[in-house]
Amino acid sequence: MLPLDHVIGLSAILFTIGVLGVATRRNLIVILMSIELMLNAANLAFVGFNRIWSQVEGVPAIDGHVFVLMVIAVAAAEVAVGLGILLSMFRNRDSVNVEEVNLLKW
Amino acid sequence: MIPVPDLNLLVLLPIALVAIGSMVILMGEILLSRADTVLGREVTESFIGTVLAATAIFFLALTLYTSVVSFAAGGVQVFNPDHPMYQLDPFSSLVTAVVALSALLSCALSIAYLSELRINHGEYYALIMLSASGMMLMVAAVDLIAVFLGLELMSIPIYVLAGFDRRKLRSNESALKYFLIGSFASAILLYGMALLYGVSGGTSFDAIRAGFEVENPIAVVGLGLVVVGFAFKISMVPFHQWTPDVYEGAPSAVTAFMSVTVKVAAFAALIRLLAMAFGPLDESLENIFWVLSVLTIVVGNVMAIIQENVKRMLAYSSIAHSGYLMIGLVTGTIQGYSAMLFYLIAYTFMNLGAFGVVVALANRGNDCERIASFAGLARTRPGLSALMVLFMLSLAGIPGTAGFMGKFQIFMAAVNSGEIWLLIIGVLMSVVSVYYYLRIPVLMYMKEPGDESHRMEISSGEGAVLVFCALAVIALGLFPNSVPTLLFGDLDVLNWTRRSVEMFFGG
Amino acid sequence: MGEFDQYLLTIITFFPLVTALGLMGTSILASWLGAEGLPAALWKPIALASTILTFLLSLRLFAVFDPLETGFQLVEHVPWIPEYGIHYFVGVDGISLLMVLLTTFLMPVVLLASWNDVSKSLRTYLSFMLSLETGMLGAFVSLNLFQFYVFWEAMLVPMYFIIGIWGGPRRIYAAVKFFLFTMVGSLLMLLAMLVLYYLSFDQTGVLNFDLVAPPGGVAGGLLQTVVPLDGTWWQTQTWLFVAFALAFAIKVPMVPLHTWLPDAHVEAPTAGSVVLAGVLLKMGIYGFLRFAIPLFPSAAVDFTPLIMVLSVIGIIYGSLVAMVQSDIKRLVAYSSIAHLGFVTLGIFALNVHGLNGGVLQMVNHGLSTGALFLLVGMLYERRHTRQITDFGGIARPMPVFAACFGIVTMSSIGLPMLNGFVGEFLILIGVYLAAPIFAIIATFGVVLSAAYMLWMFRRVVFGPVENPENRGLIDLGLREKIVMMAMVIPIIWIGVYPNPLLRRIEPSVIELIRQLETRGRVVGADLEVAPEPGFDSEPGFEPEPGFESESAILDEGEERL
Amino acid sequence: MTVEAILFYVFGILAVVSALGMVLNIRNTVASAMSLVVTMVSLGAIYLLLEAYLVAVIQIMVYGGAIVVLFLFVVMLLNLSTDEFPPGKQRVAKLAVVIVGVAILAQVLVALGQAPLLVAQPEAVPEGFGGYRQLGLSLYTDYVLLVEMVSLLLLAAIVGALILAKRKID
Amino acid sequence: MLAEYTGVLVILVVGMVIAGGMLGIHLLIGPRRRFAEKQQPFECGETQIVSPRRRYAVKFYMVAILFVVFDVEAIFFYPWGAVFQELGWFGLGAMFVFTIPLAVGLIYEWMKGGLEW
Amino acid sequence: MLIEATVKVLFILVVMVVGIAPVITWIERKQSALMQDRIGANRADVGGITVLGLLHPAADVIKLMTKEDVVPEGANRVMHLLSPLIVAVPAISAFAVIPYGGVYRFGDTTLNLVGADIDWGLLYIFAIGSIAAYGTVIAGWSSNNNWSMLGGLRASAQLISYEVTMGLTVVGVFMVFETLRLSDMALAQDTTFRLFGFLDRFFGLDWRWIDQVRVPAWGIFYQPLGFLMFLTAIMAENKRPPFDIPEGESEIIAGYHLEYSGMRFGLFFMSEFIEIIIIAALTATIFLGGWAVPYLSTDTIIGGISRFFDVGFATCLCILIHFSTFMLKVFAMIWVQMLLRWSLPRFRYDQVMSLCWKILLPLSIANIFVTGLVLLWVKG
């Protein structure tokens, strides 16, 4: 029996770490990774909550798990495209420092 | 074997058509680019582009038709009655139709532009259609999972489209920024959804409606995060910073597409979510919307003044329009929502038109986007200038145009809810907006031409789109309740919007 | 009324627009088909013919109009956006009749006058002028608030372009300023309109933008709406009136809000100035008469002193500033401010004389100031300068011009037997009855106006021809003579025999005053009890003298001040 | 405390530490990526403890095995191993984000403290919960629409990645 | 259910012990004689002239990106395969629809040369 | 529970890792020598005793242990140390789920001869394998050597490519056996089926002798194509010839473990051989019936023996038989791998990638759908 409150707490902590990463880091890859961390925090919350709501009116409910699967798929697609964008930019300019993404005022 | 679910496949027709269209385009692009001649015609790049665009338009037109039919039929249809994810009702049918129409117009707008920028790849149309399918899923979703999936399916192709002009750094950066902000926003949104799921035990709107309690702090945080997530998509201040950059950097035709459809879809989904999953808004949320709306209006309008780039200016103006639209959210009434819907439809045409003019001016690989480069345009391109004036006036909300009817209805709804201060601010900012919208007509008509070289001929696709938008702007402005058409009789857009949102209020 | 007359107002209103669309449309069509469009030589004649036809139609309107009947005539009421109570609802009473007439009259004159002015994108120019005419006419005949607003804003756009494209060196500044000023007011008015609309909805249960009840309609118009004097702040009559008044005051313009006017007038091309002075400025006063005062009578009464003060300031200020102008056009522009001060003063006397005079003076000002602008334009056409000092002794080379100039100047000053006199006289009487002190100050303004006008006139027309360039000036040609005749004849005619106009104004004015009486101070104090006409004040309410007769109004006016 | 709880805390702490390591390690991006792998795997373990079996394995396969690999590829191939960028501007905005983030965290934690979720916690989950069988059956009946949509999403990703990353598009 | 995973836990621990132990022993008993040449990266006798920390061919990324996408596809196949017989024709149809876009994607990638090395 | 699991796990580890893995190195040398007409390993001796060269594995270990541990300059020391671990630990851990015997009943207790009988055993191996991919890539990157880097890249690109295909090729098996649990799969193969039973649908007959042909219900008979593809994919996963491009010595010297020496290299080396065993065990389990004796199901065996002995003993004997069968199959598969490794030349890298993306991937998807169609047809 897991302390589910703590599971949600853990997910909140991870989410915050992700937000902090996005906010403070300037390396695009790390920012992307932080975003992934945020998604994972949400996934953890989904799974944790699904443990609570494993039954709704007597029927096994796995909305949370399905959501997580979808999120994982989405994350994969997102990462694929995101790194594609990064590559196309890298081809034109040799940096992944966010602050150098400055042709357009940030 | 499990019993086969009782699926209503016809409901999926709009999305299916768009999806099939995108795949047909991809395959067509491959086949065509490997063929030397087709039906005796030499296969050139522009020929491929035209054929694929025509395919896209064909499929989008079919989608439009099906969604209109579904709207006309009325009623609520769900894909899977046991587990509704996707529900085609008047609201979603209407928004689907709008999305399909604006995607269609964007495709037609892009044909010449793409070859002008030498980025004439058929994938463009496929991506537009994929994105449209995401929007359709999002606006018809009655389940958080579907909303999220639709949102992503909408966004991911647009990230790519923003960077479609790969050789240009600005396009790269635009894509990158949009991607970073967009995925950050979806992560926030997702966490909000997780919390909402946690308090209600289900992801369907019904479950959330049943489980949501204002007293529960987790639920409130969840709702807040969801709203923030959407706020990024609709560029609500203070989550708007990406908008001008992305709009500026992306190829103009893409900007035209995303400035319109994303806003329509995101607002529609937000309305749907708020109305169906949360019911009447809590007052505190209303107050937050109030503040954000004011901020959005003010920031959008004020920042637009100092822009020197048309696309940036239009970006800030679109932020401002988001603010006006949010007035509808503040009211939270049937009138407010239907006004928002009308405004969105009007916004579709006028913004698409405005960007369409920018697109039509793009010359030899370069966008015509400095405001100064519009100087004296009336001399060389009188027709385009006249259209631009019309779209600017509509954006500014001058009577007789769709923009005015939209604003008017929003204002009506707000007055009816007693939001006078909000309106006074909105009105004063409208005056400000007139100032920057008028700059372009001023330059076009009242200044001497500079040494800019614009494209001197307009392609038939662009022309058709611009004229269509112009006619729509005028028609919606003058006869919102009976847009005259030759083929389909009079279109009662006003009642459509109302009919669409009545559903949320048990109508 | 025949079948034709039934749609007369619509036809008059939209005929110019149709012509404009035709002008543009044929060219677009032609360029599509690859054919040649209308030959350029025909554009001006077509536009002129259209305006003249409109004028003839409005003469027909004048003839059909029954001066004895109060209320609106030739009413048309067609659903437009009935969901929101928006109807296409037109009709005229005496006041709007005159305004329509003035508009349709000025347009051909203007077109004729600027025959050679405009060479740059002529067709666009003509289209703008024609659609401007539609906008103005539409605003004058609208009886639906929404419709009024649409036309009110719609006429802004062509005017903006006329100033901005065909204007003088600082035209862009002037155009944008003009546009923005007007927008501020009108958007606030829109808000007030909406508040009023929902008030009416609360009271009647019907969504309705109509000002009065349409013929055979069940719903009462907005005029029946009881606007509370207290309540939520944004529902009090005061605030609604302020919002409306702001919009109209900017348009008039009343003094602190007038700064757009000199710029716009000076920078606008001659035709633009004439239309601006002749018609557009009247729109503000017309708005007061048609909307602001009858809709919010108590607030209007409350604000009378303020508006009168502002008007008087406008008169004095306008005159004084006009006096120091070196540019003729600017001088005329400031004189407009002064004159319109008179008009507002007369209107807000809120009695028959004042209102009569005010309305008449609107027409007069349109004619005389319009004519002045035309004359200045003619001078400018010849010399390309408007500095008073550049002229002198114009009378010698241009006798006809000088004569016309003289008549118009006199009219502007208000010389008896010319139109200006009638209006100003009536106004002064009205104001005197209402508030003598203002009448006195206003009289002083008349003197001032005489001073600067005559001073200008003398320096331009008389004296030796010092500037050699003035020596060879050619006198008015046939076209210009026709134009000037067209202006001068009504100037004199009204001066001598204003009765046909006054006869038509008066019923409307009396109707307006009746509105004031019935919906005066008591109204709205209690939402439940809407007093009947002639209903005396109830005990407990602040007693208000009934407006039984003209004398009663006079008494009331004296008593108040 | 049960074994499961102990394992949860172990993996939880591991996840937090490695997540912090990912965010705070500014010298070595590869190490950041590897930290992320640890986070992902720990999360996978926690999913197991939460009896989300299929999700757990998919988490490890896709997040641990695919997504982070992609990150690692990009990091290594683009030589982004170190990133000692000069200190950035926009301190205020970032500070704001940080504050807001921490505030939300605090809010959620406080909320959790106030309204414990324990109320509804079931001791045991239904038979087959979280296994591939239940999930598979639901996915392809109740959620079949989403599955189809995912494939469109993946199509978009394929097309998009090719368009953006390929050196030459014919 | 969770009991089944004890073995996994055990083998992970044992595996780490084995691998770590082997490394540890080696570290203990292995000799240590360092000099500069030995420490140089092995470049067939040449000194290193190009750092390996540079950009490599884009093909690698393309493969990785494709992998991510198709890996997700694969994970949707696993649970489906396991319950396939229960799902029956409906499941086959659903999976067919699921596969079409991916097949299109694969063909597209193939024809566009995204799979060329 | 913990003890039981530990014993089961340790048993398989001892047998496989300590017992077989060293032997395989010897087998490989001897087999290659045989195929190339050489003598092969025969020098290592303890006091003159060479035992056919069987001492070589021990000599290898001692040698690796006593080598110097060189870390090149510029390398990332932590990562350099970690990567062999990342490779080795997953390789070892994979044994946990491989059933080396069926489920046996001793009175009230049941004995399940698998380290961890988890529900999604095959996926566990995939997941473990996907983690192992980090080892190569990190090794290549951390060495600060161009060859290593290139090798690491090639290795990881190859690994991840084949991971997808490997997964998809076995989906057909899932569909047939309706499970992801390896022990269930093995159990399901402990029977026979009518090879041409599906023809009933078409001819509706009791149709000559051919109808009565029964074969063991092994995956290989259900999924012949799947078997070939899976074997190809999983061998490519192991990066052994003919898929040894990542370490192709003629191109990039030794690939990602170029800069590894001593036991660090030893771990890479060891895991490669452990993976051979795992591949063998896995293919045996999925496709070759695992511990099942063809035509003799567990019940038959126990039933048969218990006619003579007591049931408990019969079961024990059955376990022995099953385990031996399993080991036999494993060795057969190892032998097949060796055979392939020494017969086929190395592919070019583009061939490897084409094979994966252009042949195996479409084929495996097609296989899935054909399997589905046939299954549903047969079921009716």
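A: In this predicted model, six residue pairs, both members at pLDDT 80 or more, are in polar contact across the interface of chain A and chain B. A polar contact is a pair of N or O atoms within 3.5 Å; within protein, one must be able to donate a hydrogen and the other to accept it, and residues adjacent in sequence count only if both atoms are side-chain atoms. Zero salt bridges are counted between chain A and chain B, a salt bridge being a side-chain nitrogen of Lys or Arg within 4 Å of a carboxyl oxygen of Asp or Glu.

Contact (heavy atoms within 4.5 Å) involves 46 residues of chain A and 43 residues of chain B. The two chains bury about 3,900 Å² between them, 78% of it on carbon and sulfur atoms; this buried area is the accessible area (1.4 Å probe) lost on being put together, summed over both parts. On the chain A side, the elements giving two or more residues are α1 (4–24), α2 (28–52) and α3 (63–92). Of these, α3(A) supplies the largest share, 17 residues. Helices are DSSP runs (H or I, at least four residues), numbered from the N terminus.

Residues are numbered from 1 along each chain as written, with chains lettered from A and ligands numbered from 1 in written order. Local features need pLDDT of at least 70 and side-chain atom pairs 80 or more, while totals for chains, interfaces and linings use all residues; side-chain values use heavy atoms, without hydrogens and water.

Charged pairs do occur elsewhere: the whole structure holds 26 salt bridges over all chains. One of them pairs B:E123 with E:K112 at 3.5 Å, N to O. It joins two chains, because B:E123 lies in helix α4 (residues 123–140) of chain B and E:K112 in the segment after α4 (84–111) of chain E. B:E123 is buried at 0% relative accessible area, and E:K112 is buried at 4%; buried means under 20%, exposed over 50% and partly exposed in between (1.4 Å probe, protein chains only).

Within chain F, F:R341 and F:E28 meet in a salt bridge at 3.1 Å, N to O. This pair links helix α14 (residues 311–343) to helix α1 (residues 2–35), 313 residues apart, and both side-chain partners, F:R341 and F:E28, are buried.
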